[in-house]
Amino acid sequence: MTDELSTRPRSWALIVCSAVLIALSIPAAIYEFRNALAGTSSSDAWLAVGASTLSAVVGLVFLGVWARMKPSVLAWLAAFGWGTGGALIFAGFGNGFVDFAVEESGLGDSAVDFATSVLTGPVVEETGKGLGVLALILAARKVLERPAQGGVLGALVGMGFAWGEDVGYYVSALEDGMSGLWESFLVRAILGAYAHAIFTGVFGYALAWAVLRANSAMRAVLIGALGFVGALALHAQANGLGFVAPEDSWNLTYGAIEIPVFVVSAALLVWGLRRRQATLEA
């Protein structure tokens, strides 16, 4: 593994881009975590961070085994960091502004909840995450080997986003004790496993495909736009299930849809990463 890392081609554009994203993300992540943990007891804070970190570590190990830290370790740190810092703070302020505008529109409470969760929320959050993915993939275009590596960078941004976001959810859930934490962990970490990673991974895959395979600028833009729409659609359907799933079987309905989405996504990613160079790669 050490020899492989030392012989990889370098991209100064990727190094600079990664360093800038990390520098922007650190203060943003500190701000987000301070807000999420403000007024929380130390025991609850550790429980919330620990539960969120468990999911992140499992996902990072999975990607590390299959993607072999390509295109670079620094890019991985920048992707995960941007999700936790830059993308999360973008989503926080963006959702706050948009939610206020929707609430002032005169819609009923249920319509406001639906609009902000299923319509505007995915747009704001995928835009925040997607900015980091776009920057990294454009910077890494000379060292990317296959589109699935773009999917990995997108997944890393999504994992970072979920890591930071879930802390806040778990803190709130702990108001109902350990049972509340377990209920929230079941939905966010098991039934809806790595949802944000899947959403943004689709966009990352499309962007990398556009950079590596598109034979015209117009086609590249179209593929990238389709990837973004795909990320929005997946995000919207996951959020929308909360409004249509029967209350007495909510977990069963949610898991029956989202777990297959996760399994298929993970299988396609592994297939794309491991398909031989001599064939038409994913």
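Here is a walk through this structure, from the whole fold down to one residue. Keep in mind that what you're looking at is a predicted model.

Let's start with the big picture. The protein has 10 helices and 0 strands, so if you read along the sequence you meet one α after another: α-α-α-α-α-α-α-α-α-α. How does the overall size compare with that of a compact globule? For 282 residues, such a globule would have a radius of gyration near 19 Å, and the protein's own value is 19 Å, so the two agree. Its C-alpha atoms fill a box of roughly 50 × 40 × 35 Å along the principal axes.

Buried residues account for 45% of the 282.

Next, find helix α10, which runs through residues 250–274. Its 25 residues reach 36 Å from the first C-alpha to the last, close to the 36 Å expected at 1.5 Å a residue. Still, α10 bends by about 25 degrees at A256, and a proline, P260, follows within four residues. Which residues of α10 are buried? They are Y254, G255, E258, A266, L269, V270, G272 and L273. These buried residues pack against α3 (42–67), α6 (147–173), α7 (177–191) and α9 (217–244).

With 15 residues, α7 should span 21 Å at 1.5 Å a residue, and its end C-alpha atoms sit 20 Å apart, which agrees. There's a kink here too, of about 30 degrees, centred on F185. F185 is also one of the buried residues of α7, along with G180, L181, S184, L186, A189 and L191. This buried set packs against α3, α6 and α10.

Is T84 buried or exposed? Its relative accessibility is 4%, and the cut-off for buried is under 20%, so T84 counts as buried. What does the side chain of T84 reach? It reaches the backbone oxygen of G160, at 2.7 Å. Leaving out residues up to four places away in sequence, T84 touches A29, F33, G160, F161 and W163.

Key
Residues numbered from 1 in each chain as written. Predicted model: local features only at pLDDT ≥ 70, side-chain atom pairs only at ≥ 80, totals over all residues. Heavy atoms only, no water. Helix = DSSP H or I, 4+ residues; strand = E, 2+ residues; numbered from the N terminus. Expected span 1.5 Å × (residues − 1). Bend = angle between axes of the 7 residues up to and from the residue. Buried < 20%, exposed > 50% of the residue type's maximum accessible area, 1.4 Å probe, protein only. Contact = heavy atoms within 4.5 Å. Polar contact = N/O pair within 3.5 Å; in protein donor to acceptor, adjacent residues only side chain to side chain. Rg over C-alpha atoms; globule rule 2.2 N^0.38 Å.
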